[in-house]
Amino acid sequence: MTDDASVAGEPDTRALDDLLDDIYRGQERVTQAEIYRRAVAAELPPDLLARIDALPEGEYAVDEASDLLGGSVA
């Protein structure tokens, strides 16, 4: 068995999960704009940036952001 998500047929969400872990460290809610800014700075792939950019403006808890973006952080 391997940890490679592409082998399991599921999208690789590690970069997104790592970003959300970093952003929400010590914070309950973060704005869409801050998530997007940090994602650009982290040089996330264009498909993830597009998903983040498509989020409605507002503040999100980590579980909300993860659910909306397809991550696995909870």
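The model is predicted: local features need pLDDT of at least 70, side-chain atom pairs count only at pLDDT 80 or more, and totals for chains, interfaces and linings use all residues. Residues are numbered from 1 along each chain as its sequence is written, and side-chain values use heavy atoms, with hydrogens and water left out.

I begin with the chain as a whole. Its secondary structure comes to five helices and two strands, where helices (H or I, at least four residues) and strands (E, at least two) are DSSP runs numbered from the N terminus. Along the sequence, the pattern reads α-α-β-α-α-β-α. Of the 74 residues, 32% count as buried, that is, under 20% relative accessible area with a 1.4 Å probe and protein chains only; exposed is over 50%, and partly exposed lies in between. The accessible surface comes to about 4,900 Å², and 48% of this belongs to carbon and sulfur atoms; the areas come from the Shrake-Rupley method with a 1.4 Å probe. Among contacts (heavy atoms within 4.5 Å) between residues at least 6 apart in sequence, 54% join residues at least 24 apart.

I turn now to the helix pair. Two packed helices are described by the angle between their axes and the distance between the axes. Here, helix α3 (residues 32-41) and helix α4 (residues 46-53) have axes that come within 9 Å and cross at roughly 165°. The axes are lines fitted to C-alpha atoms over the stretch in contact, with angles from 0 to 180 degrees between N-to-C directions. The crossing makes α3 roughly antiparallel to α4, the term for angles over 145 degrees. On the α3 side, the contact is made by Gln32, Ile35, Tyr36, Ala39 and Val40, and on the α4 side by Leu49, Ile52 and Asp53.

What lies in the loop between α3 and α4? Glu43 is found there. Most residues other than glycine have a negative phi. Glu43, although not a glycine, has a positive phi of about 55°. With a relative accessible area of 70%, Glu43 is exposed.

The other loop residue is Thr13, located between α1 (5-8) and α2 (14-23). Is Thr13 buried or exposed? At 16% relative accessibility, Thr13 counts as buried. Leaving aside neighbours within four places in sequence, Thr13 is in contact with Gly70, Gly71 and Ser72.

Notes. Parallel < 35°, antiparallel > 145°, perpendicular 65-115°, else oblique.
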